[in-house]
Amino acid sequence: MHVQLPVHMAMRSFEDSLAWQRAMELNVLVDQALAESRNWGFKDQLFRAALSICNNLAEGYEMPTGPHQLKYLWIAKGSCNEVCSMLILAKRRGYFPDEMIERMLGLQDETGKLIRTYIQHKSKGWGKIHRAMAFLRYCVNQTTPCILR
């Protein structure tokens, strides 16, 4: 298990991210739960979705700009939601023991909340820039002759 850094310390690598750590724990549980599964399509999809959370958090960490990082955070959040959907289906179909499903859903929920927090933190200020860019596009479109648009 990876050692957690105090909140006031900066992350030195993606491995310091609490969301990445929880996603890795989720991956281990998913892998254990799927070990005996013969439903190859479901097995492959759930495993890939869970792995996508970790990988997109890791990949986004090294991106050079906030918007690039946000892109990967949103992809990780989408994969987290996909895992949730598949675990709900697994619960309804009785694919795994209830206690295992609840542990996986708990980790998925915690990971999703952490990713959402990262997204909100990274998004601060971008809303103003986005609105300014939209206004600038509008002004350019209004002053550019139709033939040049």
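**Note on cysteines, salt bridges and aromatic pairs**

1. Cys54 is buried, its relative accessible area being 1%. Here, buried means under 20% relative accessible area, exposed means over 50%, and partly exposed lies in between (1.4 Å probe, protein chains only). The model is a predicted one, in which local features need pLDDT of at least 70 and side-chain atom pairs count only at pLDDT 80 or more, while totals for chains, interfaces and linings use all residues. Residues are numbered from 1 along each chain as its sequence is written, and side-chain values use heavy atoms, with hydrogens and water left out.

2. How many disulfides does a search of the whole structure find? The search gives zero disulfides, a disulfide being a pair of cysteine sulfur atoms within 2.5 Å. For Cys54, the nearest cysteine sulfur belongs to Cys80 and is 9.9 Å away. Cys80 is likewise in no disulfide, and its nearest cysteine sulfur, that of Cys84, is 7.7 Å away. Cys80 counts as buried, at 0% relative accessibility.

3. Across the whole structure, the search finds six salt bridges; the term denotes a side-chain nitrogen of Lys or Arg within 4 Å of a carboxyl oxygen of Asp or Glu. One of them joins the side chains of Glu110 and Arg22, at 3.0 Å from N to O. Glu110 belongs to helix H4 (residues 98-123) and Arg22 to helix H1 (residues 18-34), so this pair ties together parts that are 88 residues apart in sequence. Helices (H or I, at least four residues) and strands (E, at least two) are DSSP runs, numbered from the N terminus. Glu110 is partly exposed, with a relative accessible area of 31%, whereas Arg22 counts as buried at 12%. A network of salt bridges links Arg22, Glu25 and Glu110.

4. A salt bridge between Lys91 and Glu102 brings their closest N and O atoms to 2.5 Å apart. Lys91 lies in helix H3 (residues 66-93) and Glu102 in helix H4, so the pair ties together parts that are eleven residues apart in sequence. Lys91 is partly exposed at 38% relative accessibility, and Glu102 is partly exposed at 39%.

5. Where do Asp44 and Arg48 lie? Both are in helix H2 (residues 40-61), four residues apart, which is about one turn of the helix. Asp44 is partly exposed at 37% relative accessibility, while Arg48 is exposed at 55%.

6. A pair of aromatic rings is described by the distance of the centres and the angle of the planes. Rings of Phe, Tyr and Trp (its six-membered ring) pair if their centres lie within 6.5 Å; planes under 30 degrees apart count as stacked, over 60 as edge-to-face and the rest as tilted. By this rule there are three aromatic pairs. In one of them, the ring centres of Phe14 and Trp20 are 5.2 Å apart and the planes stand at 75 degrees, so the pair is edge-to-face. Phe14 is partly exposed at 26% relative accessibility, whereas Trp20 is buried, with a relative accessible area of 11%.

7. Phe42 and Phe96 form a tilted aromatic pair, with 6.5 Å from centre to centre and 45 degrees between the planes. This pair links distant parts of the chain: Phe42 is in helix H2 and Phe96 in the loop between H3 and H4, 54 residues apart. Both Phe42 and Phe96 are buried. Together with Tyr95, these residues form one aromatic cluster.
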